[in-house]
Amino acid sequence: MRLASGFGAKMGSLRGFGLWLLVSCLAIVRSGDGFYLPGSYPHEYQVGDLLSVKVNSLTSIETELPFTYYSLPFCRPPEGIKDSAENLGELLMGDRIENSPYRFKMFTNESDILLCRTDPLSAKDFNLLKKRIDEMYQVNVILDNLPAIRYTRKGDFLLRWTGYPIGVRAGDAYYLFNHLKFTVLVHKYEETNVARVVGRTGDAADVIQTTDKSGSGKPGWMVVGFEVVPCSFLHNAESAKNLKTYDKYPAKIQCDPTTVAMKLNENQPVVFTYEVAFVESDIKWPSRWDAYLKMEGAKVHWFSILNSLMVIAFLAGIVLVILLRTVRRDLTRYEELDKESQAQMNEELSGWKLVVGDVFRAPSHPLLLCAMVGDGVQILGMAVVTILFAALGFMSPASRGTLITGMLFFYLILGIAAGYVAVRMWKTINVGDHSGWVSVSWRVACFFPGIAFLILTTINFLLWGSHSTGAIPFSLFVVLLLLWFCISVPLTLAGGFIGAKAPHIEYPVRTNQIPREIPPQKYPSWLLVIGAGTLPFGTLFIELFFIMSSLWMGRVYYVFGFLLIVLILLVVVCAEVSLVLTYMHLCVEDWKWWWKSFFSSGSVALYIFLYSVNYLVFDLKSLSGPVSATLYLGYSLFMVIAIMLATGTVGFISSFCFVHYLFSSVKLD
């Protein structure tokens, strides 16, 4: 399945939006075809070239706690364990990529290769292996940046999995998968073919060479697939006692994945072997990730998603039209009257016209509101820019950790926007007085990062206690603090300085000295505010399922084009919902609209958290242990707080603009 090719095709059909939009659409289409970063290029191997297999952290959907591969008594590489260079995103996601003892030679089939004979299993290693098998941990191996994929058949369906299980349990016995059958799919590119592929993926033609350095004209081979079949084979430990790594095992190994034979026993050694076969494939380089992107099984309910979005957009459009007609009628009737009639009308009628002297009265806790709006701008900007870059193909699954790294980078940079919006709003609330802007900027810089630091530190202590690779190393904690203090904070202060120098937004009406009494309401206003979050939630609950599956079920999420559409629609619906509720509050003479406009759209976060709890109970039934549940709820809480700030900011800004426009249209003495 292509990364946003449907979105690119629809956008490409529109005309007249300028050259930039055309280039963007072409980039989206190209990213859908190639799915690689512009400037990246395939690795080319000659026959006999050494291929290095790497191992990633052990993972399980039962616990969501990753562990290093060598935490179990597996064979170790003769040259020692070496960590691969990992980016910030990989470390934050718990990836620990290391070298492995598996060695392949390009287009050289090998069988019955001895990897190692372990020492007799100690009681500790024996119990740890049994525990990891019970917890359904998967081994993740990587070749040429492709994770090993495993195929299983269930009825008429062919299921795809990344990695393979450590072993299985049959009754009271535990069996280990100690023989691996690898299949490496390779594709031969001629010079003309490479040029055509380069044109599709946008890679640099002068970088890719398909002949060897000697100029002999031999074609290069490229890895386009990596499959694994795990087997449990009972070796003769004594016959392997004097063999070395990569020696030929003396007996023929028959790999039958339907049977198990290697039973785990304490104080007995384990023999590990493997075989590898190279198969020439018709799969081309840009399509080699298709097998992983089809792992959702069904076609990710494209029509269901699109139908929900269209219905919600239609309903939101109706609400907006009704609102505009109502407001325009009120303004027309009000402006057609002379001053005496207007005064009489004000005495006879109730509604938003009677709160003209209180509608811009400063809200309670204005400093907190400015800080939350500033952080919301920063989070929303980060989400929009990150998803846009992902839709353009700059953050694909082929580049591990780039999505998280990009999100962190954009968040740090957008601190300048957060400081500017917060301080300018503070200056507007104080009617041009910008004193205290430094305090506002500091609160913006510390509010959401402080909450994130508290949640992530609590989670990290739990992960440290479990010795999981998901725990953020102390050195990385220091790096994150330095990034925040040296980049985000100065940029936020710079944005605050610019906001303090910028002119404040002048109110179109004067505020009375004595606040108007709000008449008793028939229904609690906060009940309406909380209920308003259902409409924004309806725009994303289907997409939310796939996002949650990607985060917690180990599936690949790749439909960033659709996610971009959902995000745009969510912003529009949040703005409309907040605008409608603000108008409704003003109509019942409730002039305290500031916080209500924020939480009317921000309340969508409450429903997302309830959905997360529902997902935990019904979709993650197998999640075991209090640490895993706490980890899940902690990350969910972190996510919904960020969503609340972003959506609340959209609602507040739209309501502020609406109220400002509404009362600037009223004729005053």
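A residue counts as buried when its relative accessible area is under 20%, and as partly exposed between that and 50%. The model is predicted.

I looked up Cys574 and found a relative accessible area of 1%, so Cys574 is buried. Cys657, at 46%, is partly exposed.

Entry on disulfides. I found two disulfides. Cys75 is joined to Cys116, with an S to S distance of 1.8 Å. The angle about their S-S bond is -80 degrees, and the link is left-handed. Cys75 sits in the loop between strand E1 and helix H3, while Cys116 is in strand E3, 41 residues apart. Cys75 is buried at 2% relative accessibility, and Cys116 is buried at 17%.

The other pair I noted is Cys231 and Cys255, with sulfur atoms 1.7 Å apart. Their S-S torsion is about 60 degrees, so this disulfide is right-handed. Cys231 lies in strand E13 and Cys255 in the loop between E13 and strand E14, so the pair ties together parts 24 residues apart in sequence. Both Cys231 and Cys255 are buried.

Entry on H12 and H19. How do I describe the way the axes of H12 and H19 cross? They come within 10 Å and cross at roughly 170 degrees, and the two helices are therefore roughly antiparallel. Residues in the contact include Phe447 and Ile451 of H12 and Leu631 and Phe638 of H19. By class I recorded 17 nonpolar, two polar and no charged residues there.

Entry on H11. Helix H11 covers residues 415-429 and reaches 21 Å from its first C-alpha to its last. Among its buried residues are Trp426 and Lys427. Just after H11, I noted a positive phi of about 55 degrees at Val431.

Conventions. Residues are numbered from 1 along each chain as its sequence is written. This is a predicted model: local features need pLDDT of at least 70, side-chain atom pairs count only at pLDDT 80 or more; totals for chains, interfaces and linings use all residues. Side-chain values use heavy atoms; hydrogens and water are left out. Helices (H or I, at least four residues) and strands (E, at least two) are DSSP runs, numbered from the N terminus. The expected span of a helix is 1.5 Å times one less than its number of residues. Buried means under 20% relative accessible area, exposed over 50%, partly exposed in between (1.4 Å probe, protein chains only). Axes are lines fitted to C-alpha atoms, for helices over the stretch in contact, and angles run from 0 to 180 degrees between N-to-C directions. Angles under 35 degrees count as roughly parallel, over 145 as roughly antiparallel, 65 to 115 as roughly perpendicular and the rest as oblique. Contact means heavy atoms within 4.5 Å. Ala, Val, Leu, Ile, Met, Phe, Trp, Tyr, Cys and Pro count as nonpolar, Asp, Glu, Lys and Arg as charged, and the others, Gly among them, as polar. A disulfide is a pair of cysteine sulfur atoms within 2.5 Å.
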